Amino acid sequence: MLLLDMLKTMANGTGIANFTFGHIIMIGFGILFIWFGVTKKYEPFLLIPLGIGCILVNIPGTGLMDPGGLLWFNYQGIAKVILPPLIFLGVGAMTDFGPLIANPSTILLGAAAHLGIFIALVGAKIMGFSLFEAGAIGIIGGADGPMALYVASKLAPHLLGQVAVAAYSYMALLPLIQPPIMKLCVPEHERKIAMEKMRPVSKKEKIVFPVLMILVVLILLPPIAPLISCLMLGNLIRESGVMERQAATIGGVFLDIVTVLIATAIGSTMSAENFVNLKTLQIVILGLIAFATGTASGLLGKLMCWMSKGKINPLIGSAGIAAVPMAARVSHNVGLEANKRNYLVMHAMGPNLAGVLGTATAGGILITLLLGGL
Amino acid sequence: MLGFTPLVPDTVNGALLISVFDFFACFFVLYFIGLIIRGVSYVVNKFDTKKEA
């Protein structure tokens with residue numbers, strides 16, 4: 001009898017006894033993310049840790065997400081908005097803002113591509129979410145992970161997990177989501193347009209830019225200070241030319257480590273208890289709508305193409321939804337498919353970087369209007 | 001939140017209002033930033049040319 005009791009206690013202590021159908025579904029999603037990352041190579045640095053986080057949190061009894069657990073500590077990095085500014089610091093240190101400085105008119109494409117945010121916001125309100133929740137859901141359309149985390153943590157902290165997962169998964173799946181919309185909206189003869197070389201940007205301009213952005217953007221929108229100040233600090237470290245070792249570390253190893261931590265933390269929010277419900281499905285659908293409409297509205301580049309008498313390839317407009325540098329890479333690849341001599345990546349970086357400022361602006365305005373700038 | 005009374009009502013009309021306002025505000029803010037970048041680039045490059053000459 002004692003042996004039987006011991007076996008029973010052992011069996012109850014394993015994960016098997018506490019598995020539910022929801023856990024199995026979520027572990028399936030985790031495996032799917034890893035599969036996409038490994039075999040399809042869709043942003044593996046995001047999808048692999050995201051998938052592992054998702055699997056870990058859905059194995060019952062590990063206690064990893066209980067207060068004091070390993071994943072719980074990691075999650076505090078996004079819940080307390082520590083990791084998103086660090087990601088921006090690294091992004092700033094590896095980003096050349098030259099294309100945006102060389103062609104500031106492309107900044108408008110970054111604004112246009114944010115229509116998706118507002119379509120998702122109104123859609124969420126129609127579906128019955130509160131205005132705060134709708135704002136947090138809408139910001140998924142900005143395709144800017146750290147900004148989505150930041151705005152969601154301010155407006156609707158209880159939806160942080162769903163918003164983060166939708167934002168980061170769609171960012172990773174951009175090569176799947178954007179090309180069909182781009183091909184549908186832009187005819188082949190426009191996709192073939194090869195753009196002229198940009199003017200060179202001087203060192204001084206690149207040094208002045210981050211300081212100027214800190215002053216202008218933060219004076220206009222103080223609530224987004226944590227992210228923009230880190231982005232521009234990272235960029236100033238890079239462009240100053242006197243901190244090369246630090247710039248290489250912050251934009252390289254440091255950014256890689258923080259990305260793994262943040263992606264694992266996001267994956268760890270995907271527990272069956274939080275995720276297997278109608279709200280998550282609604283958020284995932286709204287996020288997809290936001291990404292798709294953002295891509296389509298960014299193709300307002302067609303208007304710029306017409307105004308410039310065919311000198312601007314409309315494909316660069318879809319990069320206005322932020323997601324640096326994935327969206328610019330997608331624009332480049334779609335352009336390359338149409339014309340083997342088409343190198344759009346640097347041109348697309350202009351709207352892509354404008355998209356970062358655009359999402360920050362849209363998020364800052366939402367926070368100011370809904371929370372009174374708190 | 002903390003006692004702050006939201007300006008925008010928590011309704012579909014409120015969502016539409018905030019969306020339209022935010023979209024256009026975003027456009028103007030970015031346009032303004034674009035103008036500043038252009039202006040500062042002009043000044044910096046002009047200064048550079050003078051020095052070289």
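Two residues are in contact here if their C-beta atoms, placed from the backbone, lie within 7 Å. Keep in mind that this is a predicted model, where local features need pLDDT of at least 70, side-chain atom pairs count only at pLDDT 80 or more, and totals for chains, interfaces and linings use all residues. Residues are numbered from 1 along each chain as its sequence is written, and chains are lettered from A and ligands numbered from 1 in the order in which they are written.

**First stop: where the chains meet.** Show chains A and B together. Chain B brings 31 residues to the contact and chain A brings 36 residues. On the chain B side, 22 are nonpolar, five polar and four charged (Ala, Val, Leu, Ile, Met, Phe, Trp, Tyr, Cys and Pro count as nonpolar, Asp, Glu, Lys and Arg as charged, and the others, Gly among them, as polar).

You will find 22 helices and zero strands (DSSP runs numbered from the N terminus, helices being H or I of at least four residues and strands E of at least two). The C-alpha trace spans about 85 × 45 × 40 Å along its principal axes.

**Last stop: a helix pair.** Select residues 70-79 (H5) and 244-267 (H17) of chain A; these helices pack at an angle of about 100°, with axes 8 Å apart (axes are lines fitted to C-alpha atoms over the stretch in contact, and angles run from 0 to 180 degrees between N-to-C directions).
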